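Hi everyone, thanks for coming along. Could you put the model up on the screen, please, so that we can walk through it together?

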Amino acid sequence: MKFSVFTASTPDWTPEQAATILAEQGWDGIEWRIVDDRPDDGAEVPSEPAFWVGNRSTWQFTGIQDRVGEIARITDAAGLEYSGIGGYRQASDHDGVETMLWVTSELGARQVRITMPMYRQEREHTGETYPQVFDRTRADLEWAVARAAELGVKALVELHHMTITPSASAALRLLDGLDPAHVGVIHDLGNLVIEGQEDHLAAFELLGPYLAHAHVKNARWVDTGDTRADGSSIWQNEWAPLRSGQASVSDYLDALRQVGYDGWVTIEDFSTDLPLEARTADNLAYLRSLVPVPA
């Protein structure tokens with residue numbers, strides 16, 4: 001396995017700092033976040049960087065075609081590989097998906113995430129049922145896979161809570177029959193703590209050739225202390241360090257090895273118990289203790 005970091009989780013660093021520090025720590029690769037990183041309401045970007053807004057190691061989507069050379073220069077100078085590209089274009093946004101597929105091809109990054117719709121949001125905004133959103137998204141993916149094949153890259157569908165693909169079973173149903181050479185699944189350990197949890201080994205075996213990438217973070221559920229009108233407890237999820245979340249990273253990596261997975265494991269740690277540089281260094285040391293690097 002090879003280890004990389006998704007830059008959604010490195011908000012304090014510029015791209016140059018992210019690439020340089022991660023390379024010095026010994027990471028194999030980097031997964032660049034590409035999205036217009038601005039508040040939805042048009043407000044100014046906060047002066048303090050955050051994971052989702054004002055993230056300094058995010059490349060803005062607007063004008064990204066003109067930044068490909070700079071991305072390649074920074075990545076190559078650090079000696080890092082691309083584990084993929086962390087795109088945020090909705091499957092229904094064909095122009096945006098086309099751009100992200102092209103950027104991925106130009107960089108030689110091989111694979112890029114295409115975002116799946118969030119079911120509750122779609123139902124609220126369009127009135128569509130889950131089967132209607134599913135069928136529409138399947139048609140969008142068929143188009144995306146055809147373009148990915150022409151460009152020699154792979155479109156990735158992430159297992160993510162609140163979307164129409166929170167689980168391996170749901171993702172397989174969406175992708176089944178499409179060419180696994182050009183579409184695959186990002187299996188995400190931390191997201192599955194929140195929604196979509198299935199036995200990992202069973203999920204990997206179920207996905208078969210569609211298992212294309214692994215994201216690793218951790219999460220936990222905590223009792224808020226509040227109650228509903230019926231007196232039941234209200235719980236909420238929060239991100240946690242790799243060692244102290246509810247999921248076992250060790251068991252997860254063992255299951256990946258059992259199915260012969262030898263691809264990328266990308267860390268996107270949104271916990272803040274440790275400062276960023278200490279956090280990335282500790283995460284790599286932890287991964288290597290679980291999957292020793294061959295001599």
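**The cavity and its lining**

Let's start with helix α10, residues 276-290, which gives the largest share of the lining of the largest cavity, namely four residues. Before going on, a word about where this comes from: this is a predicted model, where local features need pLDDT of at least 70 and side-chain atom pairs count only at pLDDT 80 or more, while totals for chains, interfaces and linings use all residues. Residues are numbered from 1 along each chain as its sequence is written, and side-chain values use heavy atoms, with hydrogens and water left out.

Helices (H or I, at least four residues) and strands (E, at least two) are DSSP runs, numbered from the N terminus. On a 1 Å grid over the protein atoms alone, a cavity is a set of points where a 1.4 Å probe fits but cannot get out; a pocket is an open set with protein on both sides within 12 Å along at least five of seven lines; and lining residues have an atom within 4 Å of a point. Grid points are joined across faces, edges and corners, and a volume is the space filled by probe spheres set on those points.

Among the residues lining the largest cavity are Val 5, Trp 27, Asp 269 and Arg 279. By class, that lining splits into four nonpolar, three polar and two charged residues. Here Ala, Val, Leu, Ile, Met, Phe, Trp, Tyr, Cys and Pro count as nonpolar, Asp, Glu, Lys and Arg as charged, and the others, Gly among them, as polar.

**The pocket**

The largest pocket has a volume of about 920 Å³. It is lined by 34 residues, and Trp 52, Tyr 88, Gln 90, Thr 115 and Met 118 lie nearest its centre. Sorted by class, you get 13 nonpolar, nine polar and 12 charged residues in this pocket's lining. Which helix gives the most to it? That would be α5, with three residues. Both α4 (119-126) and α5 (130-151) supply at least two residues each.

**Rings**

Next, aromatics. Rings of Phe, Tyr and Trp (its six-membered ring) pair if their centres lie within 6.5 Å; planes under 30 degrees apart count as stacked, over 60 as edge-to-face and the rest as tilted. Searching the whole structure turns up eight such pairs. Take Tyr 119 and Tyr 130: their ring centres are 5.8 Å apart and their planes sit at 65°, so this pair is edge-to-face. It links distant parts of the chain, with Tyr 119 in helix α4 and Tyr 130 in helix α5, 11 residues apart. There's also an aromatic cluster made of Phe 51, Trp 52, Trp 239 and Phe 270.

Rings can have a charge over them too, meaning NZ of Lys or CZ of Arg is within 6 Å of the ring centre and within 35 degrees of the ring normal. Arg 89 has its charged end over the ring of Phe 61, 3.9 Å from the ring's centre. Likewise, the charged end of Arg 113 sits over the ring of Tyr 88, 4.5 Å from its centre.

**Salt bridges**

Arg 113 will come back in a moment. A salt bridge is a side-chain nitrogen of Lys or Arg within 4 Å of a carboxyl oxygen of Asp or Glu, and this structure holds 15. Arg 113 makes one with Glu 158, at 2.6 Å, N to O. Glu 158 is in strand β6 (residues 154-158) and Arg 113 in strand β5 (residues 111-113), 45 residues apart.

Are those two buried or exposed? Buried, both Glu 158 and Arg 113. Buried means under 20% relative accessible area, exposed over 50%, partly exposed in between (1.4 Å probe, protein chains only).

Now compare helix α5, where Glu 150 and Arg 147 lie three residues apart, about one turn. Their salt bridge has its closest N and O atoms 2.0 Å apart. Glu 150 counts as exposed because its relative accessibility is 58%, whereas Arg 147, at 18%, counts as buried. Glu 98 joins Arg 147 and Glu 150 in a network of salt bridges.

Last one: Lys 217 and Asp 188 meet in a salt bridge at 2.7 Å, N to O. Lys 217 lies in the loop between β8 (211-216) and β9 (218-227) and Asp 188 in strand β7 (residues 183-188), so the pair ties together parts that are 29 residues apart in sequence. Lys 217 is buried, with a relative accessible area of 3%. Lys 217 and Ala 247 are 30 residues apart in sequence and 8.9 Å apart in space, C-alpha to C-alpha.
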